[in-house]
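Subject: Structure handover

Hello,

Here is the structure for you to look through. My notes on what turned up follow below it.

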Amino acid sequence: MGRLQDLKEKYDQIVIPEELHVRVEQEIMKSRTRQEEENRANSKKRFKKALLMMKVTAAAAAILFTTALNTSPIFAKEAAQLPVIGGLAKVLTFRSYQAEKDDIAVSVEIPSIQMIADDTGITTDAINHDIYDCCKQYADQAVSAAEEYRTAFLATGGTPEEWAEHKIRISVNYEIKQQNQDYLSFVVRGTQNWANGNNEAKYYNLDVNTGKYVTLKDMLGDNYSKIVNQSIEKQITERQKAGEVFFTPEEGGFAGISGDTKFYINGNNRPVIVFEPYEIAPGSSGEIEFEVGGENG
């Protein structure tokens, strides 16, 4: 945990020139406008094609779905990836854009939660606002840090051609882990290919019947801490025998979960504990995951 904290503190100390932030923000807004115009044009084309393919026997139901599908580029993009419209809530792409300036490429996909069943009375405005702020803040800070890096690189004798070889890439995207009648679980990731220590992941786990965040206590009961710790310790021992390397507690390795422990809900409706690189094992191991329950205890 100490290694990761040191990296984050160094990153937070970077002084970001205000004029760089303004220039990057202008480019991002231009990219957003172009993307939205293209999405609207594509949406209209899909709408016309869908109308021609409708069959009379399914017209009543299909019209309602197609209206949503084609008047909203966001809904259209995600609906194509979902085999069945089921459950009470879905994760959809609220906004996506790509931009590149000074050989710094940015790709952002911002998710949003949408209630499929309106009669639940559940509102998602607060969490969607949190998701948007999380994505935007990460992208802004990553771009500003990359711009600062470029300025320092050129100021110390580097050439624009040499800088281009760095191929700086910044990405913000999301991955759905579980989406059913009970749970909605997904992760929002921010990555930088030139500063892996600044990669971040934020997990969202929701009870779609109540609209509330799901905790480990909700899933495992009052003794959740003991259950999780014992399961992880057992799995670490087994994985060490198989050749995996973990830090000892004295080296900053696993010493029990805390209130900040990250997890998601998998396809078996079980919690999966996630540790960031360097948190309990060498960075080369990447993220470390432990499913709790089932065969893992």
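**Cysteines**

Cys135 is buried, with a relative accessible area of 1%. Keep in mind that this is a predicted model. Cys134 is partly exposed, at 23% relative accessible area. What is the disulfide count? It comes to 0. Cys134 is in no disulfide, and its nearest cysteine sulfur, that of Cys135, is 5.4 Å away. The cut-off for a disulfide is 2.5 Å between the sulfur atoms. The sulfur of Cys135 has its closest cysteine sulfur in Cys134, at 5.4 Å, so the gap is too far for a bond.

**Overall picture**

The protein chain has 297 residues, and 39% of them count as buried. It holds 8 helices and 9 strands. The chain exposes about 16700 Å². Carbon and sulfur atoms supply 51% of that area. Take the contacts between residues at least 6 apart in sequence: 59% of them join residues at least 24 apart.

**Aromatic pairs**

How many aromatic pairs are there? The count comes to 9. Two of them are described here.

One is Tyr203 with Tyr264. The ring centres are 6.0 Å apart and the planes meet at 15°. Planes under 30 degrees apart count as stacked, so this pair is stacked. The pair links distant parts of the chain. Tyr203 lies in strand S5 (residues 200-207), and Tyr264 lies in strand S7 (residues 262-265). They are 61 residues apart. Both Tyr203 and Tyr264 are buried.

Another is Phe275 with Phe290. This pair is edge-to-face, with 6.0 Å centre to centre and 75° between the planes. It also links distant parts of the chain, with the partners 15 residues apart. Phe275 is in strand S8 (residues 271-275), and Phe290 is in strand S9 (residues 288-291).

Are these two phenylalanines, Phe275 and Phe290, buried or exposed? Phe275 has 5% relative accessibility, and Phe290 has 0%. The cut-off for buried is under 20%, so Phe275 counts as buried, and so does Phe290.

**Cluster and charge**

Which residues form one aromatic cluster? They are Tyr149, Phe153, Trp163 and Trp194.

Tyr264 comes up again with a lysine. The charged end of Lys177 sits over the Tyr264 ring, 4.4 Å from the ring centre. That ring is also the one stacked with Tyr203.

Best wishes

Definitions and conventions: Residues are numbered from 1 along each chain as its sequence is written. This is a predicted model: local features need pLDDT of at least 70, side-chain atom pairs count only at pLDDT 80 or more; totals for chains, interfaces and linings use all residues. Side-chain values use heavy atoms; hydrogens and water are left out. Helices (H or I, at least four residues) and strands (E, at least two) are DSSP runs, numbered from the N terminus. Buried means under 20% relative accessible area, exposed over 50%, partly exposed in between (1.4 Å probe, protein chains only). Contact means heavy atoms within 4.5 Å. Accessible areas come from the Shrake-Rupley method with a 1.4 Å probe; for residues, only the protein chains shown count as cover. Rings of Phe, Tyr and Trp (its six-membered ring) pair if their centres lie within 6.5 Å; planes under 30 degrees apart count as stacked, over 60 as edge-to-face and the rest as tilted. A charge sits over a ring if NZ of Lys or CZ of Arg is within 6 Å of the ring centre and within 35 degrees of the ring normal.
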